[in-house]
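The model comes first, then the contacts.

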There are 2 protein chains.
Amino acid sequence: MKRDGSATPNALLGLLSMGPMSGYDIRQMIPQSIGHFWSESYGQIYPGLKRLAAAGLATKKTERKQGSPDRYVYSLTAKGREQLRVWLKLPVAEEVPRNELLLKLFFGAQTSPSVSREHVRAYLALHQQKLHVYRAIAKRLWKEEANDPRLPFWLMTLSMGQHCSAAMVKWCKETLKELDGIERRHKGGK
Amino acid sequence: MKRDGSATPNALLGLLSMGPMSGYDIRQMIPQSIGHFWSESYGQIYPGLKRLAAAGLATKKTERKQGSPDRYVYSLTAKGREQLRVWLKLPVAEEVPRNELLLKLFFGAQTSPSVSREHVRAYLALHQQKLHVYRAIAKRLWKEEANDPRLPFWLMTLSMGQHCSAAMVKWCKETLKELDGIERRHKGGK
DNA sequence: GGGTGCATGTAATGGGTTACATGATTCT
DNA sequence: AGAATCATGTAACCCATTACATGCACCC
């Protein structure tokens with residue numbers, strides 16, 4: 001049995017479960033849907049969709065319109081829906097995430113504290129901005145998708161982003177204070 | 001100018017800044033150092049060290065002992081230290097992290113709420129355990145490395161883990177309540 | 001005429017893990 | 001005898017991004 005190391009084909013199934021789509025459509029909608037915690041490039045999407053069709057998990061229809069390129073629109077088959085449900089049940093594969101900020105911070109004693117401080121500052125700004133974006137998305141969803149049964153699940157993923165970014169903002173502020181202290185000792189103490 | 005897409009060689013430089021080491025040593029010490037936010041496999045380490053030596057960033061010494069295999073111990077050169085400092089100053093490259101849990105949760109409406117609940121439950125357990133581990137490490141560091149000037153930086157990376165896991169625990173608990181509500185409506189309501 | 005958007009796709013390249021290969025010593 | 005630990009390393013494979021290639025239509 002071939003074990004499926006990658007979640008990519010299943011991510012495509014999930015996106016197709018939201019409605020028939022072309023590869024181009026999928027790419028366009030990612031920022032508005034799973035973009036905050038998942039990404040796919042054309043190099044994955046187009047061959048991936050082809051493979052789904054070859055495996056009988058999706059069907060491909062050609063849409064022709066004069067004055068614009070052909071579109072290949074994929075729809076989930078019953079088999080595809082079933083495969084999606086099977087994958088959703090499988091335990092989540094936890095990976096060791098690589099965090100370059102922490103890597104640099106860990107070796108922070110090898111350079112001036114101000115270097116670390118700038119990294120943390122940038123991280124703070126990043127997460128403050130994310131919090132704004134999350135709030136805007138939540139507002140939009142409450143208005144526009146109020147009756148969609150999928151709404152609660154979308155809000156849960158948003159909520160994780162909010163919890164995480166809020167924690168990061170708090171950590172950044174504490175860490176900046178700590179770094180300031182180190183810098184003062186660095187300059188004043190010796 | 002060739003831009004360095006990968007932080008791996010610099011991670012090796014950072015580890016070597018802690019003292020001369022063999023590839024084997026590096027692999028062994030990762031869980032005790034940067035393991036919570038970075039990983040490297042032998043397939044990266046051994047060729048990586050060779051490249052560092054070839055680039056004049058590290059020197060290789062052979063240690064022979066009767067009754068055990070040869071060890072190739074690498075030490076940073078002045079040039080290597082300088083390169084580490086240069087890399088530390090470069091802005092952190094933010095990547096879009098892939099979170100499989102969120103991906104499954106986002107499509108949670110395609111299956112029974114209990115499926116999502118189990119995933120969240122596992123995530124809760126994972127982060128509660130991480131909190132224990134972090135606390136144990138912090139204790140050990142305070143005792144054993146109290147006078148090391150690098151200690152504050154190590155504690156900062158630990159602290160991020162603590163903030164993050166604490167936020168995840170909170171989110172999991174809230175989300176489990178929400179999922180319970182959905183399940184009740186699911187069963188009772190219709 | 002030139003940029004932008006629609007729309008498809010592939011090839012090159014990069015980055016990384018895993019499994020394998022080797023071989024001595026020490027512990028059970 | 002067999003397993004675990006020390007220690008090095010490579011080859012096969014997997015996954016993913018990026019750059020490139022094509023081509024039409026529309027707007028400035």
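A polar contact is a pair of N or O atoms within 3.5 Å; within protein, one must be able to donate a hydrogen and the other to accept it, and residues adjacent in sequence count only if both atoms are side-chain atoms. By that rule, the side chain of B:S22 reaches the backbone nitrogen of B:D25 at 3.1 Å.

This is a predicted model: local features need pLDDT of at least 70, side-chain atom pairs need pLDDT 80 or more, and totals for chains, interfaces and linings use all residues. Residues are numbered from 1 along each chain as written, chains are lettered from A and ligands numbered from 1 in written order, and side-chain values use heavy atoms, without hydrogens and water.

**The B:S22 site**

B:S22 sits in the loop between helix 1 and helix 2 of chain B. Helices (H or I, at least four residues) and strands (E, at least two) are DSSP runs, numbered from the N terminus. B:S22 has 4% relative accessibility, so it counts as buried. Buried means under 20% relative accessible area, exposed over 50%, and partly exposed in between (1.4 Å probe, protein chains only). Leaving out residues up to four places away in sequence, B:S22 touches B:L49, B:R71, B:Y72 and B:V73. Contact here means heavy atoms within 4.5 Å.

**DNA strand D**

A residue is near a strand if one of its heavy atoms lies within 4 Å of it. DNA strand D is surrounded by 20 residues; the closest are A:S41, A:Q44, B:Y24, B:Y72 and B:R98. By class, the surface near DNA strand D has five nonpolar, ten polar and five charged residues. Ala, Val, Leu, Ile, Met, Phe, Trp, Tyr, Cys and Pro count as nonpolar, Asp, Glu, Lys and Arg as charged, and the others, Gly among them, as polar.

**DNA strand C**

DNA strand C is also surrounded by 20 residues; the closest are A:Y24, A:Y72, A:R98, B:S6 and B:S41. Strand 2 of chain A gives the most here, with four residues. The surface near DNA strand C divides into five nonpolar, ten polar and five charged residues.

| Residue | DNA strand | Distance |
|---|---|---|
| A:T8 | D | 2.9 Å |
| A:S41 | D | 2.9 Å |
| B:R98 | D | 2.3 Å |
| A:S22 | C | 3.5 Å |
| A:Y46 | C | 3.0 Å |
| A:R98 | C | 2.3 Å |

Among the buried ones are A:T8, A:N10 and A:L16. The buried residues pack against several elements of chain A, including helix 2 and helix 3, and also against helix 5 (100–106) of chain B.

In chain B, the axes of helix 1 (residues 8–16) and helix 3 come within 10 Å and cross at roughly 80 degrees. The two helices are therefore roughly perpendicular. Their contact has seven nonpolar, three polar and no charged residues.

Note on methods:
Axes are lines fitted to C-alpha atoms, for helices over the stretch in contact, and angles run from 0 to 180 degrees between N-to-C directions. Angles under 35 degrees count as roughly parallel, over 145 as roughly antiparallel, 65 to 115 as roughly perpendicular and the rest as oblique.
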